[in-house]
Amino acid sequence: MKLRVGYCSRYVLVAVAALLCNFAFAQRTLTGKITDKATGEGLIGANILVVGTGSGTITDFDGSYTLEVPAGSTEIEFSYTGYTTQRITLGSETTLDIQLAAGQLLDEVVVTGYGSQKAREVTSSIVTIKNENFNRGNVNSPAQLLQGKVAGLSITRPGGDVNSNFTIRLRGLSTLGANTSPLVVIDGIIGGSLNTVDPNDIESMTVLKDASAASIYGTRGASGAILITTKKGAAGKTTVDYNSYVSSDTRLRDVPMMTAGEWRTLGAGLGTNKLGWRDNGSETNWLDQVTRNAISQVHNVSVGGGTKNGGYRASVNYRDLQNIQVNTGLKSLNARLNLFQNALNGKLRLATNLALTNGRRQFSPGEVLKFGLLYNPTAPVLSSNPADARWGGYFEEDLFDYNNPVSIANQNVSEGDYSEVQISFQADYDLFKGFTLSALYAQQRDQNNTGFYSNRTSRAGGGFGNQGNGNVNYSKQNTHQATFTGTYAKDLGKLDLKVTGGYEYQYQGNEGFGFSNNRFLTDVTGYNNIGSGLGLPLGLAGGGSGKSDFENVAVFGRLNLNFDDTYFMMASVRREGNSRFGEGNKYAVFPGISAGADLTKAFGLSFVDNLKFRLAYGVAGNLPPQSNLSQELVGPGGRFFYNGQFVPSYGPQSNPNPNLKWERTADFTVGFDFAALNYKLNGSLEYFNRNTQDLLFNAPVPVPPNLVPNTLVNVGELESSGIELALNFPVLKKDKFSYDVNLATTYYTTFKLISLSNEDFDLGKERFLANVGSPGLNNNNMIYVADGQPLGQIYGPVYRGVAENGTWQFEDLNGDGKYCDCPDDQKVIGSGLPDIELGFGNNLRIGKFDVNLFFRGVFGHDLVNSYRIFYEPVNTMTWNRVNSKYFNPKLTDGAKFSSHQVENASFLKLDNATIGYNFDMPSGAAVRSVNLYVSGQNLFVLTGYTGSDPEVRFQDSEQGGSGAILSPGIDRRNTPFMQRNLTLGIRVGL
């Protein structure tokens, strides 16, 4: 199962540097003036670029410029914020004056589902982020490119493990039992995997934020959609680009734990009752023992070119990413090929995309980081006691939930290989003027293999108790998509009309296999010889396999109207069927409608360049998380001994629900798009209200008459609303200096559960979720969910102080004169969901230097600090103690949850900072551009939270299904530190 991933040569940078010497010096000087077409005034700070090179300049105070043009270069690009870009092919002239017309922002093409529109025509909530505006530096997932860039889009990954997925939420929560993340569409491939596209290969990302835009995707559009457009080849000479960086990740903001000296001081103050306190005679920083300065490297090479009738782009991406935790990380090799060809005088356009990804992941084999914080700081790593050879020579103590973290890291392995293939073919044919037929076929195959093994001497992982313990798992997913569309566009004078209709079919098949075993005679082969364990004949091991599939079929249509570039309308409808639903409920209709008016033109407004008012309403759906949930499923249960051998038993796994149907999310948006100051200041202001009904929820049901105690049903209603603001403004543009800013912020006004009942299922008006956990607090919950109440309410007793005898004191809320551990003496003590999210970008150009500073903040959310609940009181001294500002050595009572451990986790951080230098390349050089940069992430964090990472926890990591989604705001014991990244990189163009 080992995967060999090729390594890029360490000498590539040396070879690139050598190419810098290969150039000639012939060039010519071009002068001229750039003016506003309407006013004739010179444009200060307009950009002039020699296409295909790094040569360029900007205009001075009156719009004049002087540009050195390398020999052989003939194409010049003139651009200015808010104006339409022009490209001019040079002849023999040495003077060139240009007039630019305002309004570029309104003429930009915006990708929508199954088509595109000009920005001026868009009436739904759609945001496009282009390559030049992506987050920079150590970016290893497409999700990171958008982090903080789009109002209403939340992207988080507390802790920073490279093998963990990002949590992506758009405009809050729209489901409890289905997909909470937006649908991903890659070059038209629906449900495409982010693993198949490297961040370096992405040209733009478009976010469909409201249901009027996303309803065209029907059953999968309820949480919005992210459309990814990859880079394509362009007409002109062949270009080669090489991007590479080396980065270092280090710990930032550890959970504050006691040192060996502080531990000993604490023990001395305990007197005769040591409460299990021990001094083992050593001094060990356990977190240092299981972490490292993680060094990663990334290399990307791309080749592209073409003619006016065809083009190509090929790229190879290699990533070797280390985690801060030892023995964990990710290596991947990704290749992508995009081809296009025009034929029949441009009437026929053919394109194909191929993406291949192979990777190997090393996962954490257990609770290494948890015990890296909690293990006794006076304990040694290795034991001098010969009896501890049974533990592999590591120091261990026979205590509950207590394991040497170095032993876990070194005596257990958890790893996996994955491979993904994505291929698509597309043909567009202009049947007659204005009418285009399109056909797309795509296939994606994903395969994952994982294995785990715990040595026979490992106390953690089940190795010692089971004489070796291992498992292997295999899964494969195969998806086919066929999409056929027709588009008719007609200019009827003042009215522009566009009609799109289509048919789509998608099939997805899944299969998997898993097997576990124990009682191994040797650790040498690990999980690679899983059948050699003796556990199977003893009835202590076994496995299973499964297979499922679903089909999705849809017809859809959309009408776009543009009257005199002043009034706009869009109407769409999709009828879709899916095999995952119950009989009689497999089909549903999802409509969308939006309209807008350019108030500047309609009313002759002169104080703004553009002011567009728009309204939008749409309905989108959501699928169940897996197939066959509407049916009664039977599967293996336990084993029993019969006729001299262990045989499996079988029983029901789910209750049938023939009435299972779609979730339906209705979304209403009202907004303004605006531009002022000659189109320099532009942005949008929106209000949204999202309502989801017929929620997919795994509801408790009585047994009998039901076969199992839970059934997936449609029940309940959710609502979220908020206000979004986006701004872009070039503050200053001079000859050698420019500064522009952008802002994206969201204020959430509502996160509410309207109800979780209907006429068929009464699940009660209130419920308590998310137990605190072990040891001792499995019956204590932290989250309160009630009909008509906000989501994310943290609920518990109110801390009053510590009594003289060292016990907790809580407020008496029901007025009976004493506190009881019951809901009557508890109340809402925090909110796990934020009020405000903010992204603030600053882009500076100082001569040849470019500087990007991106700040991100989240405000108004609280976090339950689980580390403090269990490890702050001075009670059972098995574990090290949290030594935060709240630590009180007089508190000797047992662990209890209260408002004392609920903290305001609002934060502002310098999320990303990049400083780059652009080298001047002489005319005729083999190298056309070189950019050297340094970048940092999480350079500083301002917060009052005493835990490691104040990021929002949108769901509970220790629950599954609906319970996890309903329980935000809990910082479980799995994030012992944040991490800071520093990156050195180079971009070279040939």
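Is H299 buried or exposed? I looked this up to open the notebook. H299 is buried, with a relative accessible area of 8%; here buried means under 20% relative accessible area, exposed over 50%, and partly exposed in between (1.4 Å probe, protein chains only).

Before going on, I noted that this is a predicted model, where local features need pLDDT of at least 70, side-chain atom pairs count only at pLDDT 80 or more, and totals for chains, interfaces and linings use all residues. Residues are numbered from 1 along each chain as its sequence is written, and side-chain values use heavy atoms, with hydrogens and water left out.

**Entry: H299**

I found H299 in strand β18 (residues 294–307). Strands are DSSP runs of E with at least two residues, helices are runs of H or I with at least four, and both are numbered from the N terminus. I then checked the partners of the H299 side chain: S244 makes a polar contact with H299 through its side chain at 3.0 Å, and the side chain of Q297 joins H299 in another at 2.9 Å. A polar contact is a pair of N or O atoms within 3.5 Å; within protein, one must be able to donate a hydrogen and the other to accept it, and residues adjacent in sequence count only if both atoms are side-chain atoms.

**Entry: E121**

I went to the loop between β9 (115–118) and β10 (126–130), where E121 lies. E121 is buried yet has no salt bridge, and K498, the nearest side chain of opposite charge, is 5.8 Å away. For charge, Lys and Arg count as positive and Asp and Glu as negative, while His and the chain ends are not counted. A salt bridge needs a side-chain nitrogen of Lys or Arg within 4 Å of a carboxyl oxygen of Asp or Glu. I did find a polar contact of 3.0 Å between the side chains of E121 and N562.

**Entry: salt bridges**

I counted 42 salt bridges by this rule. R574 pairs with E576, their closest N and O atoms being 2.6 Å apart. R574 is buried at 0% relative accessible area, and E576 is buried at 0% as well.

My next pair was K661 and D694, whose side chains meet in a salt bridge at 3.7 Å, N to O. K661 sits in the loop between β31 (645–654) and β32 (663–676) and D694 in the loop between β33 (681–693) and β34 (696–700), so the pair ties together parts that are 33 residues apart in sequence. K661 is partly exposed at 31% relative accessible area, and D694 is partly exposed at 23%.
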